[in-house]
Every structure is written in C-alpha cells, then in structure tokens.
Amino acid sequence: MKLKTRIMVTLVVIVAVPLILISVTFILVGGYFLSRNIVDVRQEISTEVEEDGTIVMMPDALENYRQLVSFGFLRSMFISMVIILVLTSVVYSIWIYKGVLKPVDELNTAMQEIKDGNFEYRLETMGKGEIGDLYRNYEDMRLRLKENSEEKLQNEKQNKELISNISHDLKTPITSIKGYVEGIMDGVADTPEKLDRYVHTIYNKAVDMDRLINELTMYSSVDNNRIPYHFLKIAVRDYFTDCIEEIGMDLENQNFTLNYENLVADDTTVIADPEQIKRVVNNIVSNSVKYNDKPHGEISIRILDEVDSIRVEIEDNGKGIAQKDLQNIFDRFYRADSSRNSSTGGSGLGLSIVKKIIQDHGGYIWATSKEGEGTCMHFVLRKYTGQA
C-alpha cells in the first residue's frame, strides 16, 4: 500500500471507525440496558395497584427510575467508548509500526552498516508502494557500492602487482647495463669484438627499457580512454608486406623462422591507424618470442579474406596456453602461471592493449591454443567499402 493511501486510511480509521462502533454500541448497549433496568427498577420502586390491576408508578419513584436509567446508560456508553478508542489506537499503532516505523528502523540499521563499510547487509522485501521501492533502491545502491568497492580493491591489487613487475623488469636490464658498463670501464672488453658485443648488449637492454616505458605510457592512455588514433585508408597487401619485412629482420637475429602468407586481393583496403596496428602485431609477436620454449622458434603470419573483412592470424610453435587460462589472457594484468617467470619479464599489459586497439577499430580478437604445440592469435578488421 502506498504511503499516501496509508495516511488516508489512517485518518478514516481514526475518525470513522470509532464513530461507527460507538453508534452501534449506543444502539445495542442502550437497548439492552433499558430492557434490563426496567425490570430491575420495577422491583425496587414504590407502586400502587388500581382496582383493575393496573400498576401505577408514584411520581417520586418515576423520577428515581429516570435518573437511575440515565446514569447507568451514560456509564455504559463511557466504558464502551473508552474500550473502542483503546482498541482502535492499539490496532492503528501496530499497523503503523509494522508498516512504517519498523521498515524505517530496518533501513536506518542497513544504512549504518553501509556507513561502516559492510556491503553484505541485505534488505529483502516483496512489499509494494514507497516502502517497497525504498528497500529495492537500497539493494540497488548496496550492490553498486559493493561492486565499486570490489573493483577498487582489485585495481589497488593490480596496481601493486604492476609496480612490483615494473620494478623487477626495470631492475633486470639496469643491472645488466651496469655490469657491462663496469666491464668496459675495467677493461674486460679488451678486444674490438668483445667491446662490440658489450655495446650491442647494452643497446638491446636500453631498447627493452624503452619498450617497457612505452608500454606504460600506452597503459595510461588506455586507462584514461585517450589512445591517440590517426585513421587512414590502408592497402592491406602493401602495409602488411612492409610490416612483416621489419619484423622478419628482428626475428632472424633471434633464431626464429618467419612464414608469411597474404591471401587478400591487391585492392583490399581497411580504415585503420598504421602505427597502432603495427603495435598490435609487434606485441603479439613479442609474446610469441618471449614465451617460446623450443630450440628453434617459428612464427607464421597469414592475412585471410573474410568477404567483408580481413582476418590476421599470428601462430607460433611455443609452449601454448592452458584452456582454463585462454579466455582470460586479454584481461589487464592477467598472466597464466605457465607464461610468467623471472626471466621473461613483462608488465602483463600487452594483450589488454592489443584488445583495446582492435576494439577501437571496430574489430575483435581471440586466441586458440594447444599446450605444448603453440598458440594462434586471430583478429578481424572490416574492409573499406567506400560507403558511410
């Protein structure tokens, strides 16, 4: 029952019900009282008996009779009214307590629990009207606050983990650079070949640090939804051919074989940001290199025609990913147990950034894998058709 209706009914109960009950009592009690007391009074008052047997009340006796009847009637009516008002008040008080005061008290207790940080205190009701709506609004608020609190705790945990990972990932190349520089300063690199190897190693470690810093910068952009995009119309065949040539040079130095196959038509185009798509390919390839466990790594990149879109497949022959971890690998900070150790490093942001970029291009990405045999990343981009 709505609160306005409850108030109106309460007013009716307070005014009308007592009046109705008093009226009924007046009729019933008054009639009963009169019939009963006529007999009693006749036995007590003085009378005269006429010759024909008619009983005639004396004037004084008649006045006494009237006073007695009036007093008894008023006393009975007063008692009846008091009883009616007391019963009405009790019933109304119980109704108001259960319908308004008790729910408000329960809601106050629940709000105090929320204030103290307890988001598990539930208020359940099947009631209708304002009180029922208030309970349901509380539950919606509680669930939202609980979700925000859990998300905040999760973010804090992830940020701590990120700081720990970054500290580790920065410490490793810095320690290596420091060691090689000290070797050069101490004259350990006493031949041109050794000096060249030392300098080359220092350079590679500096590149790793630069990549990590760029990844953190990109993470900040992703977190604030402010990735800078410069969309252009790209010829798929030419773009990926140039991209693969650049990747192939790096993989050759790391003892990896790169296989490339482009099956789209020469005039196929997409609308994309060239730099960000290159970042996607590089991040996926870097993961394949980082987590490879074979003596000789192999990466295959295929560009396939999907009628109104293109599909890019990047497949490796690495350790693979367990099925239980496969659906989570694009989550921020997530790492499968088998894909993180002290030697590989990484912030755990690479694939989440990849997913964000592909989604912002209107595409989607997924992975298939078999443990011990390798992983294949798939992402789809829509073709440019020249239509709005």
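**Entry 1. Val 307**

I looked up Val 307 and found that it counts as exposed, at 72% relative accessibility. For this term I used the following cut-offs: buried is under 20% relative accessible area, exposed is over 50%, and partly exposed lies in between, with a 1.4 Å probe and protein chains only. I noted that the model is predicted, that local features need pLDDT of at least 70 and side-chain atom pairs pLDDT 80 or more, and that totals for chains, interfaces and linings use all residues. Residues are numbered from 1 along each chain as its sequence is written, and side-chain values use heavy atoms, with hydrogens and water left out.

Val 307 sits in the loop between β6 (297-305) and β7 (309-316). Its phi is near 70°, a positive value in a residue other than glycine.

**Entry 2. The chain as a whole**

I recorded eight helices and nine strands in the chain. These are DSSP runs numbered from the N terminus: helices are H or I with at least four residues, and strands are E with at least two. Of the 388 residues in the chain, 36% are buried.

I then turned to contacts, meaning heavy atoms within 4.5 Å. Among contacts between residues at least 6 apart in sequence, 71% join residues at least 24 apart.

**Entry 3. Thr 375**

Is Thr 375 buried or exposed? I found it buried, because its relative accessible area is 8%. Thr 375 belongs to strand β9 (residues 374-382). Leaving aside residues up to four places away in sequence, I listed its contacts as Ile 314, Glu 315, Asp 316, Gly 320, Ile 321, Thr 368 and Ser 369.

With Ser 369 there is also a polar contact between the side chains, at 2.9 Å. I took a polar contact to be a pair of N or O atoms within 3.5 Å; within protein, one must be able to donate a hydrogen and the other to accept it, and residues adjacent in sequence count only if both atoms are side-chain atoms.

**Entry 4**

I examined helix α8 (residues 350-360) and found it mostly covered, with eight of its 11 residues buried. The buried residues are Gly 350, Leu 351, Ser 352, Ile 353, Val 354, Lys 356, Ile 357 and Ile 358. I kept in mind that an α-helix has 3.6 residues a turn, so residues three or four places apart point the same way. After α8 comes Gly 362, whose phi is positive, near 80°.

In helix α3 (residues 129-185) I looked up Ser 176. Ser 176 counts as buried because its relative accessibility is 18%. Its contacts, not counting residues up to four places away in sequence, are Thr 201 and Lys 205.

**Entry 5. Aromatic pairs**

I paired rings of Phe, Tyr and Trp (its six-membered ring) if their centres lie within 6.5 Å; planes under 30 degrees apart count as stacked, over 60 as edge-to-face and the rest as tilted. The count by this rule is four aromatic pairs. One of them is Tyr 229 with Phe 231, a stacked pair at 5.3 Å centre to centre and 25° between the planes. Another is Tyr 239 with Phe 240, an edge-to-face pair at 5.2 Å centre to centre and 85° between the planes. Tyr 239 and Phe 240 are both buried, whereas Phe 231 is partly exposed, with a relative accessible area of 39%.

**Entry 6. The largest cavity**

I searched on a 1 Å grid over the protein atoms alone: a cavity is a set of points where a 1.4 Å probe fits but cannot get out, a pocket is an open set with protein on both sides within 12 Å along at least five of seven lines, and lining residues have an atom within 4 Å of a point. Grid points are joined across faces, edges and corners, and a volume is the space filled by probe spheres set on the points.

The whole structure holds one cavity of 30 Å³ or more. The largest cavity contains about 40 Å³ of space. Which residues line the largest cavity? I listed Ile 234, Val 236, Tyr 239, Phe 240, Val 270, Ala 272, Ile 277 and Leu 381. Helix α5 (236-253) and strand β5 each supply at least two lining residues, and α5 gives the most, with three. The lining divides into eight nonpolar, no polar and no charged residues. In this division Ala, Val, Leu, Ile, Met, Phe, Trp, Tyr, Cys and Pro count as nonpolar, Asp, Glu, Lys and Arg as charged, and the others, Gly among them, as polar.

**Entry 7. The second largest pocket**

The second largest pocket has a volume of about 190 Å³. I noted 12 lining residues, of which Ile 271, His 361, Arg 382, Lys 383 and Tyr 384 lie nearest its centre. Strands β5 (269-272) and β9 each supply at least two residues of this lining, and β5 gives the most, with three. I recorded six nonpolar, three polar and three charged residues in the lining of this pocket.
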